[in-house]
Each structure stands twice: as structure tokens, then as C-alpha cells.
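Biologist: Could you take me through this structure, one part at a time? I would like to begin with the overall picture.

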Amino acid sequence: QEVTNDAPDTVEGLRNVRHIIAVSSCKGGVGKSTTSVNLAYKLKEMGARRVLLTLVPIRPRWRCERRSLRTFPGASLRPSLAFDPRPRRLSTPLLTPFNSRVGIFDADVYGPSLPTMTSPEIAVLQMNKETGTITPTEYEGVGVVSFGFAGQGSAIMRGPMVSGLINQMLTTTDWGELDYLIIDMPPGTGDVQLTICQVVPITAAVVVTTPQKLAFIDVEKGVRMFSKLRVPCVAVVENMSYFEVDGVRHKPFGEGSGQRICDEYGVPNLFQMPIVPELSACGDSGKPLVLADPAGEVSGAYGAVAAKV
Ligand code: ADP
């Protein structure tokens with residue numbers, strides 16, 4: 001089937017969203033939602049793309065001095081530089097970083113993850129009666145939308161119904177001003193995924209996979225789908241790549257699939273994420289690991305991914 005990218009330039013509710021990142025995988029259970037959520041909070045924390053230039057009066061370290069003849073008879077009148085020992089009045093940094101404004105759209109109708117992985121105070125989507133738009137609910141400063149917050153229970157639907165529902169949700173949610181919208185795509189490369197890519201102008205894709213050969217065959221389809229839709233695939237996250245015991249790396253699922261994808265399809269960034277029990281525990285607890293342990297190694301690893309999207 002010939003696929004084209006007919007994504008419109010603007011969907012009303014996405015008018016003020018600067019970057020839309022699709023996080024995709026071809027199988028379920030590889031860690032796509034874990035990646036989406038941790039990446040979203042890391043992007044929010046980094047906020048590197050928006051800085052405010054603040055002008056701060058700075059007292060110079062060296063000041064120009066003219067010594068008077070009375071104090072130093074015979075001294076030259078030439079100005080000389082004198083060190084000023086007083087503390088400099090530099091109270092605000094020159095560049096004030098802002099948190100990025102981020103949203104997550106959990107597009108998995110059959111197995112939504114956001115209700116488990118985040119804990120918003122109001123776990124139900126609100127409808128604005130005047131405008132007829134959906135307002136995202138919020139957790140730790142990030143807007144979150146999931147079918148799991150729609151209060152419909154588990155979905156039993158045929159494909160076209162799912163596509164229609166996703167389309168409706170994407171076009172009626174008012175995201176407001178965002179720097180990044182992360183779309184946690186449903187696994188696979190079928191109609192639903194195509195619908196999303198054709199409704200929404202996606203800026204870039206991050207593909208999540210595991211190291212097995214079997215995963216390579218599937219993930220290849222995903223990268224090809226994005227390439228046909230002219231969506232640049234900026235990174236492959238090879239999740240559950242290894243675990244470490246006493247400094248020795250063990251690779252229970254083999255290795256090489258992520259690297260092969262990058263080599264064959266020209267994906268510029270490969271990230272290998274370890275198997276970390278805390279990542280799973282935090283996912284289950286409703287507080288992503290990058291929030292629970294912001295200075296930890298895993299948080300740093302997601303920071304590296306965030307820097308490339
Ligand atoms: P997907 O969205 O691809 O279906 P999930 O993100 O829901 O996958 O992950 C499936 C399960 O694996 C979850 O319980 C999650 O916490 C766990 N998990 C994901 N990545 C890791 C990892 N690197 N280390 C340990 N557990 C992980």
C-alpha cells in the first residue's frame with residue numbers, strides 16, 4: 001500500500017506545540033511507555049531550548065584609578081588598574097533556564113500505560129463545554145492524556161473504531177503552548193499508527209526495541225514506515241540491553257540489533273538502556289524514575305536521549 005504523509009500543517013489544538021515526538025515500537029512490552037514517560041519528564045527538566053537573557057549589572061573586578069598628587073606626591077597622573085576586592089554584584093545568572101512545557105499523549109487504546117505510570121490528582125479528562133475541547137489532566141507539571149483517563153474501562157473495539165477515536169482525541173485536545181508533545185504510539189505499524197502520522201505533523205521519531213534478532217525484523221518495519229512518511233527517526237533506544245553485576249555487563253538478550261538498525265537506516269543515535277529493577281518499580285508506583293531519582297544514572301541516560309530529540 002502506498003502511504004503518504006498528508007499531515008495538515010495545523011490541527012487546532014496543536015497550533016502552539018513546537019515539537020511532536022513519536023515514541024514507537026513494533027512489539028509490546030519492550031519499554032516504549034517507560035521511555036516515553038521518562039523522556040517527557042527529562043525534557044521538562046532540561047528546558048534547554050528556551051532561555052531568557054537577563055541583563056545584570058556587574059561590578060568589574062578591575063577598576064580604573066587615578067592616584068591623587070596629594071596622596072602620592074610625585075606619582076604619575078596616568079590612570080592605573082586597581083583590583084576591586086568587593087564581591088561582584090552578580091546575583092542572577094545571565095541565562096535563566098526555563099522548564100520546557102511538555103505533554104504526553106498515550107495513544108494505546110487497548111493497553112494505556114499513563115494511568116499506571118503517572119499519578120495525576122484528577123485522573124479524568126475534563127471537557128470544556130464552551131469550546132468542546134478536551135483539557136489534558138496534569139501530573140508534576142506535564143499535561144497527560146490517555147484513554148485510561150476517559151473513564152470507559154478497557155476498550156474492545158475494531159481497528160477502524162480505534163483509528164476514529166484516536167483521530168477525535170488528537171484533534172479535540174487543546175494542548176495549549178507546549179515545547180514538546182510526546183506521543184506514546186501503540187505498538188506496530190498498522191492503520192492506527194498511520195492515522196496518527198497522517199493527522200499529526202510529527203517532528204521526529206524515537207524507536208524503542210530490545211537487542212534480539214527477532215526484534216530487529218519488526219523494528220525495521222517501523223523505521224521504514226517513518227521513512228516513507230518522511231518523519232526523521234532521530235534515535236533508537238535499545239532497551240533492556242544489559243545488566244551489571246560487580247561491574248561486569250551481562251547481555252541476556254544478545255546484542256547488535258540496535259546498532260544494525262542505526263547502520264542500515266542511517267539513524268544517528270543509539271542508546272542502550274540497562275535492565276534496572278527500579279525503572280519497573282517506579283513505573284508501577286506512578287512516579288517515573290527520572291522524578292524519583294533525578295540525579296541517578298538512569299536519569300542521566302534519559303537525559304542523553306532528551307538531548308537528541
Ligand atoms: P511497552 O510500552 O513497550 O509495552 P512498557 O514500557 O510498558 O512497555 O514496559 C513493560 C514492562 O517492562 C513494564 O513493567 C516496565 O516497568 C518494564 N521495563 C521497561 N524497561 C525496563 C528496564 N530497562 N528495566 C527494567 N524494567 C523495565
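Modeller: The protein chain has 9 helices and 16 strands; helices (H or I, at least four residues) and strands (E, at least two) are DSSP runs, numbered from the N terminus. This is a predicted model, in which local features need pLDDT of at least 70 and side-chain atom pairs count only at pLDDT 80 or more, while totals for chains, interfaces and linings use all residues. Residues are numbered from 1 along each chain as its sequence is written.

Biologist: How much of the protein chain is buried?

Modeller: Of its 309 residues, 37% are buried. A residue is buried if 20 or more other C-beta atoms lie within 10 Å of its own, exposed if 12 or fewer, and partly exposed in between, with C-beta atoms placed from the backbone.

Biologist: In what order do the strands of the open sheet lie?

Modeller: The 8 strands follow the order 9-10-6-11-1-12-13-16, with mixed pairing. Two strands pair if DSSP finds at least two bridges between them.

Biologist: Which strands stand at the edges?

Modeller: Those are strand 9 (137-139) and strand 16 (269-272); each has a single partner strand, so one side of each lacks a neighbour in the sheet. On average, neighbouring strands of this sheet are turned by 25 degrees against each other, direction ignored.

Biologist: And strand 12, what does it pair with?

Modeller: Strand 12 pairs with strand 1 in the parallel sense over 4 bridges, and with strand 13 in the parallel sense over 5 bridges. Ile21 stands opposite Ala204 in strand 12, and Thr209 has Glu238 in strand 13 as its bridge partner.

Biologist: Why is strand 12 described as largely enclosed?

Modeller: Because 5 of its 6 residues are buried, strand 12 is largely enclosed by the rest of the structure.

Biologist: Which helix packs on the sheet and touches strand 12?

Modeller: Helix 5 does, and it also touches strand 1 and strand 13. Its direction makes about 175 degrees with that of strand 12; axes are lines fitted to C-alpha atoms, for helices over the stretch in contact, and angles run from 0 to 180 degrees between N-to-C directions.

Biologist: Which residues of helix 5 are buried?

Modeller: They are Ala215, Val219, Gly222, Val223, Met225 and Phe226. An α-helix has 3.6 residues a turn, so residues three or four places apart point the same way. The cover over the buried residues of helix 5 includes helix 4 (191-199) and helix 6 (257-265).

Biologist: What follows helix 5?

Modeller: Arg230 does, and its phi is positive, near 60 degrees.

Biologist: Changing topic, which residues come nearest to the ligand?

Modeller: Of the 17 residues around the ligand, Gly31, Lys32, Ser33, Thr34 and Gly283 come nearest; a residue is near a molecule or strand if its C-beta atom, placed from the backbone, lies within 6 Å of it. Helix 1 (32-46) and helix 7 (277-285) are the elements that give two or more residues to this shell.

Biologist: Where is Ala40 found, and is it buried or exposed?

Modeller: Ala40 is found in helix 1 and is buried, with 29 other C-beta atoms within 10 Å. Leaving aside neighbours within four places in sequence, Ala40 is in contact with Val102, Ile104, Val142 and Ile182. Two residues are in contact if their C-beta atoms, placed from the backbone, lie within 7 Å.
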